[in-house]
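Colleague: I am new to this structure. Can you walk me through how to read it?

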Amino acid sequence: MGGSRRLVAVSGLGSIATQHIGALSTLGGLEIVAFDPSARLREQALASGRVRRAVATFDELLDLDPDALIVASPDFAHLEQAQAAAERGIPSLVEKPLADRLIDARAAVPRIEATGTATMVGYVLRHRLAVGTVRRLMAERAVGTATSFQVMLGAYGTITAAASRFATAEPNRLYRDYSHEWDYLRWIFGPIREVLAVARTTRDVPHIEHPNIVDGLIAMQADVVGSFHIDYADQRGNRSLHIIGTGGTLFADFGLGTITLRRAGTDREEVIRQVEPAAGPLTRQASHLLAVADGTEQPRVTLRDGLAALEATEALIQSAENRCWVDVPD
């Protein structure tokens, strides 16, 4: 990369883009530029003092020749912007989901890969300390062979934190917003084989998404079957993963940053505490993006990972609509 200070571009100035800018601003040695069609958001970004320049079109942003790009625009623009950056040789991180339509992602991923430009997907939970530790413990067979798991996610707080995103109606948003869960399950257990989902909507909340509660089963190719619950109903919020193995159990509370191990043959609990600031995973992800742009690291979450999470998302939607098991392409 040229110069003593690196230029990092951010496309979009919504709530997640603001979080990315905050993470980047803690790294030092960077100049941040941004694009958003909203003059109001551009003015706010400049007033924050974290953004050096804000432009009105995406082409203007690319013309600044940034060293790296974060695509935090609306879902429908993710692929087009990622491909435009890749064709100019600009390494990028694309926020999840990779696209708003699976068919578009299937077509675009090979085209972007063919450019040879590093492009990664923003499944930031892979940068959360507790999630990484769970993956390591399972690889070390800390609880033997995994036989089952339970995912719990209550995320109504997202609606409050990103109110503008929810200003317009969009069916099935819950599956896509929390495709994080399908991604980290793949990261820990390997590919997903098939899924079964039941979706419903409660009206006893201030803001109603359709659906706002989904429960189901996920069968992994590794012969592990687990259940999941995700919702936009729990206003307190929770995110956890419970794994049952042949040699014990593991319970990870990702919100608290604690992992509790109960090994077979003993009543003793082992508690691993990995409490971190809320911005910690985003900051590590930003640092990783710069290392990928430098060529010193390979993307932790590839375009193929992003596509696989989208495949699982679409399969879950189809399952809920058709009330049947649905296969997930590998």
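Modeller: Start with a term. Buried means under 20% relative accessible area, exposed means over 50%, and partly exposed lies in between. Arginine 101 has a relative accessible area of 47%, so arginine 101 is partly exposed. Keep in mind that this is a predicted model.

Colleague: Which side chain meets arginine 101 in a salt bridge?

Modeller: The general idea comes first. Side chains of opposite charge can pair when their charged atoms come close. Here the partner is aspartate 104, at 2.9 Å from N to O. Aspartate 104 is partly exposed too, with a relative accessible area of 29%.

Colleague: How many salt bridges are there by this rule?

Modeller: The count comes to 22. Another one joins arginine 284 to glutamate 276, with the closest N and O atoms 2.2 Å apart. Arginine 284 has a relative accessible area of 31%, so arginine 284 counts as partly exposed.

Colleague: Aspartate 305 and arginine 126 also meet in a salt bridge. Where in the chain do the two sit?

Modeller: In distant parts, 179 residues apart. Aspartate 305 is in helix α11 (residues 303-322), and arginine 126 is in the loop between β6 and α6 (129-139). Their N to O distance is 3.7 Å.

Colleague: Is aspartate 305 buried or exposed?

Modeller: Buried, because its relative accessibility is 13%. Arginine 126 is buried as well, at 4%.

Colleague: How many bridges join β5 to β6?

Modeller: Three, with β5 covering residues 92-94. In one of the pairings, serine 92 has threonine 119 in β6 as its bridge partner.

Colleague: Which residues make the nonpolar surface patch?

Modeller: Leu217, Val225 and Trp325, with an area of about 230 Å². Valine 225 lies in strand β10 (residues 225-231). Its relative accessibility is 34%, so valine 225 counts as partly exposed.

Technical notes
Residues are numbered from 1 along each chain as its sequence is written. This is a predicted model: local features need pLDDT of at least 70, side-chain atom pairs count only at pLDDT 80 or more; totals for chains, interfaces and linings use all residues. Side-chain values use heavy atoms; hydrogens and water are left out. Two strands pair if DSSP finds at least two bridges between them. Helices (H or I, at least four residues) and strands (E, at least two) are DSSP runs, numbered from the N terminus. Patches are made of residues with over 30% relative accessible area and no salt bridge: like charges are joined within 9 Å, nonpolar side chains (Val, Leu, Ile, Met, Phe, Trp, Tyr) within 5 Å. Accessible areas come from the Shrake-Rupley method with a 1.4 Å probe; for residues, only the protein chains shown count as cover. A salt bridge is a side-chain nitrogen of Lys or Arg within 4 Å of a carboxyl oxygen of Asp or Glu. Buried means under 20% relative accessible area, exposed over 50%, partly exposed in between (1.4 Å probe, protein chains only).
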